[in-house]
Amino acid sequence: MPVRRSVLASLALIAGLGVGLVAGGGVTALAAEGKDPTHASGLPIPRFVTVRVGEVNLRSGPNGSYPIEWVFKRKDMPVEIIQEFDTWRRIRDWEGAEGWVHQSALSGRRGILIVGQTRAIHESPRGDSAVVARAEPGVVGSLKKCRDEWCEVDVKGYRGWMKRTDFWGTYPGEKIE
């Protein structure tokens, strides 16, 4: 059962980041190269990505010595990167659970997670188009592209269009090609 972060874990994270900035060899190397370790990838923050592997340990801080607070067991599940530190990414899931993972556990592919209730996947980006499948809450799929309020998705081999509000994994108005 996952355990929510406590105030003490938050304080340990803050203290650990301070120690890492002073003593971390990789951080020193990044700083020596003129790179900001808190924005190591240079990519936008926040941004959505997916979990690359079937089991990922979410830690209370940005290195392997911090305690594991959560374990995600869903490959291809979308998560949101909300912070970076060197090769570590702080991610958040659709329920708000947060933790640090190594960048190698994440993929730049975009994914979706069905939320709320059973959702229709339509043949075209219109509410009156034929329904090609229905997806239950908690089902994950891949995100292909978005235009306006509709996104093209692939859920377990069923490809079609869903309203952006029917799943978690995009920002309002975000254009995806």
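# Briefing: a disulfide, a loop proline and some backbone exceptions

In this predicted model, Cys-146 has a relative accessible area of 4% and is buried. Cys-146 is joined to Cys-151 by a disulfide, and the count of disulfides comes to one.

**The disulfide**

- The sulfur atoms of Cys-146 and Cys-151 are 2.0 Å apart; the pair counts as a disulfide because its sulfur atoms lie within the 2.5 Å cut-off.
- A disulfide is a covalent bond between the sulfur atoms of two cysteines.
- The link of Cys-146 and Cys-151 is right-handed, with 105 degrees about the S-S bond.
- Cys-151 has a relative accessibility of 0%, so Cys-151 counts as buried, the limit being under 20%.
- Cys-146, at 4%, is also under that limit and therefore buried.

- Pro-125 sits in the loop that runs between strand E9 (119-122) and strand E10 (131-135).
- Apart from its neighbours within four places in sequence, Pro-125 is in contact with Arg-147, Trp-150 and Trp-161.
- Pro-125 and Asp-148 are 23 residues apart along the chain, and their C-alpha atoms are separated by 9.7 Å.

**The cis peptide bond**

- Most residues other than glycine have a negative phi, and most peptide bonds are trans.
- The peptide bond from Ile-45 to Pro-46 is cis, and its omega is near 0 degrees.
- Pro-46 belongs to the loop between helix H2 (25-32) and strand E1 (47-51).

**Positive phi at two aspartates**

- Asp-76 is not a glycine, yet its phi is positive, at about 75 degrees.
- The loop between strand E3 (68-72) and strand E4 (78-85) holds Asp-76.
- Asp-76 has a relative accessible area of 29%, which means that Asp-76 falls between the 20% and 50% limits and is partly exposed.
- Asp-86, likewise a residue other than glycine, has a positive phi near 55 degrees.
- Asp-86 lies in the loop between E4 and strand E5 (88-92).
- With a relative accessibility of 18%, Asp-86 is under 20% and therefore counts as buried.

How values were computed:
Residues are numbered from 1 along each chain as its sequence is written. This is a predicted model: local features need pLDDT of at least 70, side-chain atom pairs count only at pLDDT 80 or more; totals for chains, interfaces and linings use all residues. Side-chain values use heavy atoms; hydrogens and water are left out. Buried means under 20% relative accessible area, exposed over 50%, partly exposed in between (1.4 Å probe, protein chains only). Helices (H or I, at least four residues) and strands (E, at least two) are DSSP runs, numbered from the N terminus. Contact means heavy atoms within 4.5 Å.
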